[in-house]
Amino acid sequence: MTTRSPSEDSADILRFVVPVGDGQVTAFISTSTCQSHHEWQEGQQTLGHFYQDHRRQFDSIVVRKVRDGARHPVVVMAGDL
């Protein structure tokens, strides 16, 4: 299965795809959500780099939300971190 690279649809929102079961789920995360994470370093990284550094965590959040019945696409919120 091939997954696409994350895509920065705007400077503040990142779209990424997570394999879940036999399919893929599109998810979104925002800069403001990432800024709530204790490892965010203001002005020293991009949203895309932060996602890559924390990809496992974000992918796990998406899988959990899907298994809990979340609608697609999934939006990762600050409370999920």
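Reader: Which residue takes a positive phi in the hairpin of E2 and E3?

Author: The model is a predicted one. Strands E2 and E3 run antiparallel, and their hairpin has two residues between the strands. The residue there with a positive phi, near 60 degrees, is Gly 21.

Reader: How many bridges join E2 to E3?

Author: E2 covers residues 13-20 and E3 covers residues 23-30. The number of bridges joining the two antiparallel strands is eight.

Reader: In E4, what is the bridge partner of Ala 27?

Author: E3 is also joined to E4, and these two strands run parallel. Two bridges connect them. For Ala 27, the partner in E4 is Val 74.

Reader: Which element gives the most to the largest nonpolar core?

Author: The largest nonpolar core has 19 residues, and those with the most contacts inside it include Phe 16, Phe 58 and Val 62. At least two residues of this core come from each of E2, E3, H2 and H3. The element that gives the most, with five residues, is H3.

Reader: Leaving aside neighbours within four places in sequence, which residues is Val 62 in contact with?

Author: Val 62 is listed with Ile 29, Cys 34 and Val 76, among others, as having the most contacts inside the largest nonpolar core. With neighbours within four places in sequence left aside, the residues in contact with Val 62 are Phe 16, Val 18, Val 25, Ala 27, Val 74 and Val 76.

Reader: Is the pair of Phe 16 and Tyr 51 stacked, edge-to-face or tilted?

Author: A pair of aromatic rings is described by the distance of the centres and the angle of the planes. Phe 16 is in strand E2 and Tyr 51 is in helix H2, 35 residues apart, so the pair links distant parts of the chain. The ring centres are 4.6 Å apart and the planes stand at 40 degrees. Planes under 30 degrees apart would count as stacked and over 60 as edge-to-face, so this pair is tilted.

Reader: Which aromatic cluster do Phe 16, Tyr 51 and Phe 58 belong to?

Author: Phe 16 and Tyr 51 are each buried, with a relative accessible area of 1%. Tyr 51 also forms a stacked pair with Phe 58, at 6.0 Å centre to centre and 10 degrees between the planes. Phe 58 is buried at 0%. The cluster consists of Phe 16, Phe 50, Tyr 51 and Phe 58.

Reader: How far apart are the closest N and O atoms of Asp 59 and Arg 55?

Author: The two residues are four residues apart in helix H3, so about one helical turn separates them. Asp 59 is buried at 16% relative accessible area, whereas Arg 55 is partly exposed at 26%. Their salt bridge has its closest N and O atoms at 3.5 Å.

Reader: Which residue does Lys 65 meet in a salt bridge?

Author: The count of salt bridges comes to two, and this one has an N to O distance of 2.9 Å. Lys 65 has 17% relative accessibility; the limit for buried is under 20%, so Lys 65 counts as buried. Its salt-bridge partner is Asp 80.

How values were computed:
Residues are numbered from 1 along each chain as its sequence is written. This is a predicted model: local features need pLDDT of at least 70, side-chain atom pairs count only at pLDDT 80 or more; totals for chains, interfaces and linings use all residues. Side-chain values use heavy atoms; hydrogens and water are left out. A salt bridge is a side-chain nitrogen of Lys or Arg within 4 Å of a carboxyl oxygen of Asp or Glu. Buried means under 20% relative accessible area, exposed over 50%, partly exposed in between (1.4 Å probe, protein chains only). Rings of Phe, Tyr and Trp (its six-membered ring) pair if their centres lie within 6.5 Å; planes under 30 degrees apart count as stacked, over 60 as edge-to-face and the rest as tilted. Two strands pair if DSSP finds at least two bridges between them. A nonpolar core is a set of buried Ala, Val, Leu, Ile, Met, Phe, Trp, Tyr and Cys residues joined through side-chain atoms within 4.5 Å. Contact means heavy atoms within 4.5 Å.
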